[in-house]
Amino acid sequence: MKLKKLIAISMASVLTIAMIGCGNSNQGTEGAEAAAETEAPAAEEAAETEQTAEAAQAPTEGELKYTDITLGEDYTDLTATIKVLNHRTDMGSSDYPGKNWEAYIADFNQMYPNITVDLEVLSNYADDGLLRLQDADWGDVMEIPAVDKADLNEYYLPLGTLEDITTQANMCQEWSYEGIAYGVPTTAAAQGIVYNKKVFEAAGVQTLPKTPDEFITALKAIKEKTDAIPLYTNYAAEWTMGAWDAYIWGSATGNAAYKNHDILHTSNPFADPGDGTHAYNVYKILFDAVEQGLIEEDYSTTDWEGCKGMINNGEIGCMVLGSWSVTQMQSAGDHPDDIGYMPFPITVDGKQYATAGPDFNWGVNINSTPENQAAGMVFIKWMTEQSGFSKNEGGLPIAASDTELPSVYDEFADVTFVSNAVPVEGEFDLLNNLNSESELMLDQEGNKKNMEIIEHAANADMSFDEIMDDWNARWTAAQEESNVEITN
């Protein structure tokens with residue numbers, strides 16, 4: 001057994017851009033060089049200078065690091081009981097159509113029989129997860145909720161440098177700070193649209209739409225030629241509406257640095273660029289669909305659980321949700337083969353892209369005992385490398401050694417996946433600041449601006465350009481308040 005003494009890892013600065021390229025369903029992460037063309041020059045320059053500084057401050061020998069653990073060899077005689085918090089209430093049932101938590105833990109105990117996993121599932125994880133953090137004794141492993149990145153080292157054990165952990169796990173940059181990784185994704189998803197293949201076929205849509213205009217045309221065909229709801233908004237669930245924000249980054253720009261760099265320094269980022277790309281055209285799809293009657297009859301009465309069976313049975317044409325949703329829609333009825341996943345209908349200079357990013361990230365309690373921290377890190381690594389969890393849930397590979405994409409992405413053969421680059425030095429909290437000042441809360445849980453798009457379109461009390469003008473004004477005011485230099 002290798003039980004290393006736990007000490008705090010000194011904070012260091014590094015900028016690593018992690019990107020996933022996609023060729024076909026067997027290529028997995030092999031297209032990174034093609035995707036790297038989209039990186040911003042500012043991010044490249046920062047990477048060169050910051051990696052040099054980080055190397056001199058790398059964790060020393062003797063610290064517990066994710067990359068030092070070899071599953072099946074290390075900690076096999078460690079005895080510990082770890083409490084693990086997560087949000088997947090559906091996986092606690094024996095009726096769950098996929099592999100449930102009991103089965104995963106039983107498999108884990110085949111390799112680590114002396115580590116007992118005490119699983120607690122929180123139904124309102126976004127709020128309850130944050131509340132639990134107020135008590136240092138909340139448990140040992142949890143999915144990291146929406147904490148400020150500057151506070152990560154207050155709650156979570158550093159897992160190693162981002163540069164090192166990226167050699168073994170993908171997309172760890174989302175919960176890193178100043179070059180140190182604090183989380184490993186439970187799974188990852190690309191952003192597209194879940195749809196019913198037979199509904200699209202019945203509507204005469206022979207080729208999947210690649211532009212906003214083509215997509216609206218397809219929705220109109222569904223309305224005219226079938227009885228299905230063309231686009232189901234899931235308005236009443238509220239949290240589902242936040243999914244639209246995920247498409248304004250790499251999917252709409254092809255630029256890995258857009259989220260954490262370019263938009264921060266862009267004047268009026270919600271203006272129409274005139275070429276069918278960027279945030280304007282993502283949100284305009286939603287507005288136009290509502291305005292033209294291409295959604296459910298009463299958006300205020302949508303049913304999240306009910307919609308799964310509806311799309312499975314051909315009562316819904318499509319929904320704008322991450323790829324994590326596909327397996328749920330497939331298992332909700334007798335027609336799993338009718339469920340497909342298409343790229344978001346925006347084309348940038350003749351090429352389609354898909355934002356790819358992690359779901360929740362596992363984090364280890366910095367206040368746990370050394371034994372429980374070791375057991376917690378072993379559990380995380382097993383979930384990543386041995387469990388098959390991400391693939392089972394229709395997600396992209398998290399283990400860097402896994403290069404095979406699940407069949408969910410069969411329609412993404414010609415799409416390049418783009419993972420958001422980490423912020424440049426000195427701007428780790430800038431997006432959060434602008435979100436807070438503008439109250440737009442891009443890509444944040446609980447924002448309701450996308451619901452307001454539906455309301456304004458349905459009530460015809462505000463044009464789409466008026467909505468975008470308002471957002472631009474709020475973003476500009478936030479930039480001025482934060483003394484942001486405008487470069488675009």
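This tour moves through a predicted model, from a sheet to its nonpolar cores, a helix and several salt bridges. Local features need pLDDT of at least 70 and side-chain atom pairs count only at pLDDT 80 or more, while totals for chains, interfaces and linings use all residues. Residues are numbered from 1 along each chain as its sequence is written, and side-chain values use heavy atoms, with hydrogens and water left out.

**The sheet**

Begin with the open sheet of five strands, ordered β2-β1-β3-β14-β7 with mixed pairing. Strands (E, at least two residues) and helices (H or I, at least four) are DSSP runs, numbered from the N terminus, and two strands pair if DSSP finds at least two bridges between them. Select β2 (115-121) and β7 (184-185): these are the edge strands, and each has a single partner, so one side of each lacks a neighbour in the sheet.

Next, select β3 (residues 141-143) and β14 (residues 361-364), which run antiparallel and are joined by three bridges. M142 has G363 of β14 as its bridge partner. Axes are lines fitted to C-alpha atoms, for helices over the stretch in contact, and angles run from 0 to 180 degrees between N-to-C directions. Helix α4 (residues 125-132) also packs on the sheet, touching β1, β2 and β3, with its direction at about 140° to that of β1.

**The nonpolar cores**

Select W244, Y283 and F417, which touch the most other members of the largest nonpolar core, a set of 128 residues. Such a core is a set of buried Ala, Val, Leu, Ile, Met, Phe, Trp, Tyr and Cys residues joined through side-chain atoms within 4.5 Å. Buried means under 20% relative accessible area, exposed over 50%, and partly exposed in between (1.4 Å probe, protein chains only). Helix α10 (residues 278-291) gives the most to this core, with nine residues. Centre the view on Y283: among its contacts, not counting residues up to four places away in sequence, are W244, F270, L442, F464 and W471. Apart from this core lies another of 17 residues, including L133, M142, Y177 and F360.

**Helix α8**

Move to α8 (residues 212-225). Its buried residues are P212, F215, I216, A218, L219, A221 and I222. They pack against β9 (192-196), α7 (197-202), β10 (229-231), α10 and β11 (316-319).

**Salt bridges**

Finally, display the charged side chains. A salt bridge is a side-chain nitrogen of Lys or Arg within 4 Å of a carboxyl oxygen of Asp or Glu, and by this rule there are 13.

- Select E120 and K83, whose closest N and O atoms are 3.1 Å apart. The pair links strand β2 to strand β1, 37 residues apart. E120 is partly exposed at 21% relative accessible area, and K83 is partly exposed at 28%.
- Select D443 and K259, which form a salt bridge with the closest N and O atoms 3.1 Å apart. D443 is partly exposed at 27%, whereas K259 is buried at 11%.
- Select E305 and K308, which meet in a salt bridge at 3.2 Å, N to O. Both lie in helix α11 (residues 304-312), three residues apart, about one turn of the helix. E305 is exposed at 52%, whereas K308 is buried at 10%.

Definitions and conventions
Contact = heavy atoms within 4.5 Å.
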